[in-house]
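Biologist: I am new to this one. Please take me through the labels and show what stands behind each.

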Amino acid sequence: MARPTIKLKRGNRTKVRREIADYLVARYAPGLTLKVADCRAGRKRTRVSMVRIARADSADPNVLVWQPQNGGFTTLLHEIGHHRLEGHGTPKSALAEIVNEAVAWRWAEWAARQENLWFDYEMADRDFATYTRSAPIKINWRKKDVF
């Protein structure tokens, strides 16, 4: 698949971040609608970034709600990973949910490397640990601490 072309605007960091996010969604999840959560003072706040995957028999679009202040592109790539890996299915068991979470993080690490983006391993480990509080399970990262 050919990479979509993108021209970045200079001088406005918010617009540049949005353009990069649009590029990543267009490249890795073309059927996904990106909505950026507005977290300014006085606005309704969402707690986390998330992907809402519509059922296969529904006409509803797949929507990714992204909060840039919550993990940046690392979180965005993780949510795109959920969209790519899970399709229309939902995990049936707690173990399947943990596996899906770990695989989405590993895919996000791979995609960040492909796009030459910084990957926040500490944040990813911290978020993954919320799924594995009762057992000390860690993600086997491919590129962490590799020089």
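What follows is a talk about the labels on this predicted model.

Modeller: First, the ground rules. Residues are numbered from 1 along each chain as its sequence is written, and side-chain values use heavy atoms, without hydrogens and water. The model is predicted: local features need pLDDT of at least 70, side-chain atom pairs count only at pLDDT 80 or more, and totals for chains, interfaces and linings use all residues.

Biologist: What makes up the secondary structure of the chain?

Modeller: Four helices and three strands. The pattern along the sequence is α-β-β-β-α-α-α. Helices (H or I, at least four residues) and strands (E, at least two) are DSSP runs, numbered from the N terminus.

Biologist: How do you know that the span of helix 2 agrees with its number of residues?

Modeller: The expected span is 1.5 Å times one less than the number of residues. Helix 2 (residues 72-86) has 15 residues, so it should span 21 Å. Its end C-alpha atoms are 22 Å apart, which agrees.

Biologist: Why is helix 2 called largely enclosed?

Modeller: Because 12 of its 15 residues are buried. Buried means under 20% relative accessible area, exposed over 50%, partly exposed in between (1.4 Å probe, protein chains only). Among the buried residues of helix 2 are F73, L76, L77 and I80. Across the chain of 147 residues, 38% are buried.

Biologist: What sits over the ring of F73?

Modeller: The charged end of R17, 5.3 Å from the ring centre. The label needs NZ of Lys or CZ of Arg within 6 Å of the ring centre and within 35 degrees of the ring normal.

Biologist: Why is the pair of W107 and W110 called tilted?

Modeller: The search of the whole structure finds eight aromatic pairs. W107 and W110 form one at 6.0 Å centre to centre, with 45 degrees between the planes. Rings of Phe, Tyr and Trp (its six-membered ring) pair if their centres lie within 6.5 Å; planes under 30 degrees apart count as stacked, over 60 as edge-to-face and the rest as tilted. So 45 degrees gives tilted. These residues are three apart in helix 3, about one helical turn.

Biologist: Are W107 and W110 buried or partly exposed?

Modeller: W107 is buried, because its relative accessible area is 12%. W110 has 41%, so it is partly exposed.

Biologist: What makes the pair of Y121 and W141 edge-to-face?

Modeller: The angle between the planes is 80 degrees, and the centres are 5.2 Å apart. The pair links distant parts of the chain: Y121 is in helix 4 (residues 121-129), W141 in the segment after helix 4, 20 residues apart. Y121 is buried at 17% relative accessibility, and W141 is buried at 10%. Ring pairs also link W105, F119, Y121 and W141 into a cluster.

Biologist: Which residues form the nonpolar patch on the surface?

Modeller: L85, L95, V99 and V103, with about 340 Å² of accessible area together. Three residues, the largest share, come from helix 3 (residues 94-114). V99 lies in helix 3. At 42% relative accessibility, V99 counts as partly exposed.

Terms used:
Patches are made of residues with over 30% relative accessible area and no salt bridge: like charges are joined within 9 Å, nonpolar side chains (Val, Leu, Ile, Met, Phe, Trp, Tyr) within 5 Å. Accessible areas come from the Shrake-Rupley method with a 1.4 Å probe; for residues, only the protein chains shown count as cover. A salt bridge is a side-chain nitrogen of Lys or Arg within 4 Å of a carboxyl oxygen of Asp or Glu.
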